[in-house]
Protein chains: 2
Amino acid sequence: MADKTKALAKLHSLDTERMHLERAAAVLRWDQETCLPAKGVEDRAEQLALIEGFAHEKLVNPETEGLLGELEDAGDLSAQEEDFLRVFRRDFRRAQRLSPEFVRECARAEGLSQAAWVEARKNSDFAVFAPHLEKMIALARKKSEYWGWAGTADSPYDGLLDIYEPGLGAADMAGVFYPLRERLSALLEKISAKAPALGAFLTGPQYDVQRQDAFCRELLGGLGFDFTRSRLDLSAHPFTTTLGFNDVRITTRYAAAEPLSGLFSVIHEGGHGFYELGIDPALRSSCLAEGTSMGIHESQSRLWENVIGRSRAFWEGWFPRFKEYFPQQLSGVGLDSFYRAMNRVSPSLIRVEADEVSYSLHIILRFELERRLFQGTLAVQDLPGAWNRAMEEYLGLRPACDAQGILQDVHWSMGAFGYFPSYALGNLYGLQFWEKLRECLPDTDAALGRRDYAAIHRWLGENIYRWGRRLEPSRLLLKITGKELSAEPFLRYIERKYTELYEL
Amino acid sequence: MADKTKALAKLHSLDTERMHLERAAAVLRWDQETCLPAKGVEDRAEQLALIEGFAHEKLVNPETEGLLGELEDAGDLSAQEEDFLRVFRRDFRRAQRLSPEFVRECARAEGLSQAAWVEARKNSDFAVFAPHLEKMIALARKKSEYWGWAGTADSPYDGLLDIYEPGLGAADMAGVFYPLRERLSALLEKISAKAPALGAFLTGPQYDVQRQDAFCRELLGGLGFDFTRSRLDLSAHPFTTTLGFNDVRITTRYAAAEPLSGLFSVIHEGGHGFYELGIDPALRSSCLAEGTSMGIHESQSRLWENVIGRSRAFWEGWFPRFKEYFPQQLSGVGLDSFYRAMNRVSPSLIRVEADEVSYSLHIILRFELERRLFQGTLAVQDLPGAWNRAMEEYLGLRPACDAQGILQDVHWSMGAFGYFPSYALGNLYGLQFWEKLRECLPDTDAALGRRDYAAIHRWLGENIYRWGRRLEPSRLLLKITGKELSAEPFLRYIERKYTELYEL
């Protein structure tokens, strides 16, 4: 047993070094998105490649392999050590089964593919991107096979989904996504028949971006964001990244004509930040000290952004203060019109501009196309047509060009197939958690009205944040709600909210 | 010869990787000074230790040693390759002769020593710092011995001076510093007899720091600072750091009551930045792609800050614009009073607040004390007394407490003995270069008046910037001026400028 203890300690030390190197790489990437001078990109790529190489070597090397062998049936471990070994093994196998040549081939192809996508989108010319997309699909398929996914129609795609949402396959997702699609489409149809609740005060006047930023910082602080452990900065696309146990950073961008855009980005990324900042200190600097899946991560960001952030109760607490920041722009505007305006439903072609009702439909469309691409029942050349037909069917809109359709997202150009479902899963998980939270904390609406988030954070911290990667999504869900993945809580929430808002 | 070519290529590749890792570490350190959330320090130290360890391993390893052996008498190399091998060998030997245990001991002692210094300075209690200073001196002495410095009274100190100013020993420096001290003291005495040229507009009104920052950015741009390859940020203490060939960053800080403090920091750091940005692209990512010594670096920063930045001609170009930024504060102020105010001579106890005339005296004082400490003719316990006596002798001021005296600088607590002389050497080199530059470019005053810095940059670039570490300080100086180190040009400059200013 002394040997096992020694082997485990050694494995922890390798894991800690790997995580510190991963975090160092995250610093370099954060800097690249927020600070790097235009011409500094080339050297930065070299620096990153070296550090990521070292991180990889800490994970995949003969010593690690030997230690994992020694610990094969370690027995008598604490629950946390068992979780550590399981997750470490998972990371190890994933990394080990991809040869350095294959990883380099992927990186090269990704570089070319992203450049082609930028060009294709600029000129709305899918043909420029198509051969690269073919290549990225072929590589992703190979990767999934290297990991051992084979034998069923959904195997290659399941292997990719498993990267982002461990334990959840395409068939499981389809089982919840299809009824979700039907009910959302029906709701959307009813809403479309009603006159939209416009908010001219949100589209006419200019909102000074420095004042927007000042308000967002006050709001974040009010939500309990700890600026001794985090930062808010600007970048072209908002993101959250962990640079250390006490260093989780979020970014946003502001536009003077769209005062809610930057604001809801801040709340969304803040939700990701709370999750990462709430991980148990006992997991510090280990591979367990991360969110457990992209879907669970999105459940936290979308919960804060939409369920909390777009609720009437939340703005009872904050609207008076927001008006103090923008007295001219919001002169004569009441809480009700503000609440209606921020929840306006208006289907659009672009996912990132979608409202709460139509958002999941954008995701399901992508999920279905990805699934068929990897089943081999849809060819890349037929993708734009399939996309446009589905858009028309789900949202009643037809893209005038591919830039507004199939070419709008960066994900596929990076080979990130299987990533999109996380966004819709986040909506579903989020409401499953939220229903339970409200059972436990019946005072929640009143607490939101008085800007008191302590109980919410305590509950989320205790039940979700602190576990990090110790609990896989399905175990976490079962532990908290006693249920499996379901769209019902989300549908209950969204149907009630919008039936009331649109007086359906 | 094919083998030699291969060996050289391999050495270049190791060197490039080392430099990329050093730059990555510089990113992490820059972030620590400008961005890092308060509680993020602990993880950052771990990240840095790992990356610095990897950088060290790229330099010191059996392969490098073998390659250097193979290239011992390579012959038939280009001048640049010869320079590369010489500098690489120097770095290699320095690193190789310090055992990992010794390096760790130094790092540990430095951590404790710095903490003790912070505490000691806060309470103005030298006794708290003294044992740590003893330890740091002992370690520095050991280090110098490991590098092979022995046999003369100045050996240990010469070994330390050589880190920052290769090729220049204590006796060489004393030879120029002592006459410099005499002439500056005499000048200072004459000035003190005159009424000071005050500038109430610089000490009374508040200068909005955002406007200060805007002006500084315009000024930097006007000086030719390339923001596609660099940045200006805020930090507690101004510094310049190189994060990549196209990524050189400077920092400053602003105080509303001291409008010139941030401004001259920006010009000073800008001077360092120009140097690093002007290095020959052929040296990119190699150990040659850095300034050749701290003294030459300071020659560039102090040239821009003082010789150019505090000249009348320079402000003929910029003062009207500065007044547009601060019309109220500078209402009724003419160029002459502004010029006099920024060049006010007023000896103070604190080095970083010193004017152009007394600054070098602060440095010579430190040089003399360091030299005696390492000669063993001054004991740490007698240091505060020796400091205070010298302050009285050179500047006519006596510190009321050690916080205002011996405890004011961080350098010794970090073990950076031999660093101080760089500042004074910078003044001397700077004026040796400047005299030559003006011989070549007789139109310089007029060019400054019309904000035209192109010819100055061309001259400095061609003669200094581009060489990086290829030319050691003395070779660089000889190549440009045909002379050795001398205080005469600096004294000519300073005596003429202040004789005129104070009508002596």
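**View 1. Chain A as a whole, a predicted model.** Buried residues account for 42% of the 504 residues in chain A; buried here means 20 or more other C-beta atoms (placed from the backbone) within 10 Å of a residue's own, while 12 or fewer is exposed and anything in between partly exposed. This is a predicted model, where local features need pLDDT of at least 70 and side-chain atom pairs pLDDT 80 or more, though totals for chains, interfaces and linings use all residues. Residues are numbered from 1 along each chain as its sequence is written, with chains lettered from A and ligands numbered from 1 in the order written. Chain A has 21 helices and three strands, which are DSSP runs numbered from the N terminus (H or I, at least four residues, for helices; E, at least two, for strands). Its C-alpha atoms fill a box of roughly 70 × 50 × 50 Å along the principal axes.

**View 2. Where chain A meets chain B.** Here 30 residues of chain A are in contact with 31 residues of chain B, contact being C-beta atoms, placed from the backbone, within 7 Å. Helix 1 of chain A gives the most to its side, with eight residues. Sorted by class, that side has 13 nonpolar, seven polar and 10 charged residues. Nonpolar covers Ala, Val, Leu, Ile, Met, Phe, Trp, Tyr, Cys and Pro; charged covers Asp, Glu, Lys and Arg; the others, Gly among them, are polar.

**View 3. Two crossing helices in chain A.** Helix 6 (residues 126–146) and helix 7 (residues 155–164) of chain A pack at about 80°, their axes 8 Å apart. Axes are lines fitted to C-alpha atoms, for helices over the stretch in contact, with angles from 0 to 180 degrees between N-to-C directions. The two helices of chain A are therefore roughly perpendicular, a label for 65 to 115 degrees. Ala140(A), Arg141(A), Ser144(A) and Glu145(A) on helix 6 meet Ser155(A), Pro156(A), Gly159(A) and Leu160(A) on helix 7.

**View 4. The sheet of chain B.** Three strands form an open sheet in the order 1-3-2, with mixed pairing; strands pair if DSSP finds at least two bridges between them. At the edges sit strand 1 (230–234) and strand 2 (240–244) of chain B, each pairing on one side only. Strand 1 and strand 3 (residues 247–252) of chain B run parallel, joined by five bridges. In one of these strands, strand 3 of chain B, Ile250(B) is the bridge partner of Leu232(B). Helix 11 (residues 259–277) of chain B packs on the sheet and touches strand 1, strand 2 and strand 3 of chain B.

Note on methods: Two residues are in contact if their C-beta atoms, placed from the backbone, lie within 7 Å. Angles under 35 degrees count as roughly parallel, over 145 as roughly antiparallel, 65 to 115 as roughly perpendicular and the rest as oblique.
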